[in-house]
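Please keep the sequence and the structure in view while reading.

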Amino acid sequence: YMWSRYHEGMEVKLFDLYSTRAELLPWFFLAQTFLLEGEPPVLDFLGIVFGHVYHHCNTVGLLRAPESVVRWYKDSDSAKAIRDKYKEISTDFEVL
């Protein structure tokens, strides 16, 4: 759901049969679960609901790190060590 919200308006090709917009992709997967597996797509629907709630809260600005965590991340030596370690290993995951 999050991917589809961040790529709204993008054309997505499904099984080389037809194209749809990215924001409809979670509903396609929900229908696919229902049609191919023959059971109610409860987990797909919950993923859409919670993804929507998260996206809305994040967009409105309700999700913020506590100020103490932000200060720790900016000022702490242990946080600097974590950031440095991340920079060191992040080159292993670069796409060339």
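## Phenylalanine 34

Leaving aside neighbours within four places in sequence, phenylalanine 34 of this predicted model touches Glu39, Pro40 and Pro41. Phenylalanine 34 lies in helix H2, and its relative accessible area of 47% makes the residue partly exposed, because that class covers values between 20% and 50%. Aspartate 44, which is 10 residues away from phenylalanine 34 in sequence, has its C-alpha 9.7 Å from the C-alpha of phenylalanine 34.

## Threonine 33

Helix H2, which spans residues 25–37, also holds threonine 33, and this residue counts as buried because its relative accessibility is 15%, with buried meaning under 20%. Once neighbours within four places in sequence are set aside, the contacts of threonine 33 are with Gly38, Glu39, Pro41 and Asp44. With aspartate 44 there is a polar contact between the two side chains, at 2.5 Å.

## Packing of helices H4 and H5

Two packed helices are described by the angle between their axes and the distance between the axes. For helix H4 (residues 67–75) and helix H5 (residues 77–90), the axes come within 6 Å and cross at roughly 70°, which means that H4 is roughly perpendicular to H5. The crossing of H4 and H5 is right-handed.

On the H4 side the contact is made by Trp72, Tyr73, Lys74 and Asp75, and on the H5 side by Asp77, Ser78, Ala79, Ile82 and Arg83. By residue class, the contact of H4 with H5 comprises 4 nonpolar, 1 polar and 4 charged residues.

Definitions and conventions: Residues numbered from 1 in each chain as written. Predicted model: local features only at pLDDT ≥ 70, side-chain atom pairs only at ≥ 80, totals over all residues. Heavy atoms only, no water. Axes fitted to C-alpha atoms, helices over the stretch in contact; angles between N-to-C directions. Helix = DSSP H or I, 4+ residues; strand = E, 2+ residues; numbered from the N terminus. Parallel < 35°, antiparallel > 145°, perpendicular 65-115°, else oblique. Left-handed = near helix turned anticlockwise from the far one by under 90°. Contact = heavy atoms within 4.5 Å. Nonpolar A, V, L, I, M, F, W, Y, C, P; charged D, E, K, R; others polar. Buried < 20%, exposed > 50% of the residue type's maximum accessible area, 1.4 Å probe, protein only. Polar contact = N/O pair within 3.5 Å; in protein donor to acceptor, adjacent residues only side chain to side chain.
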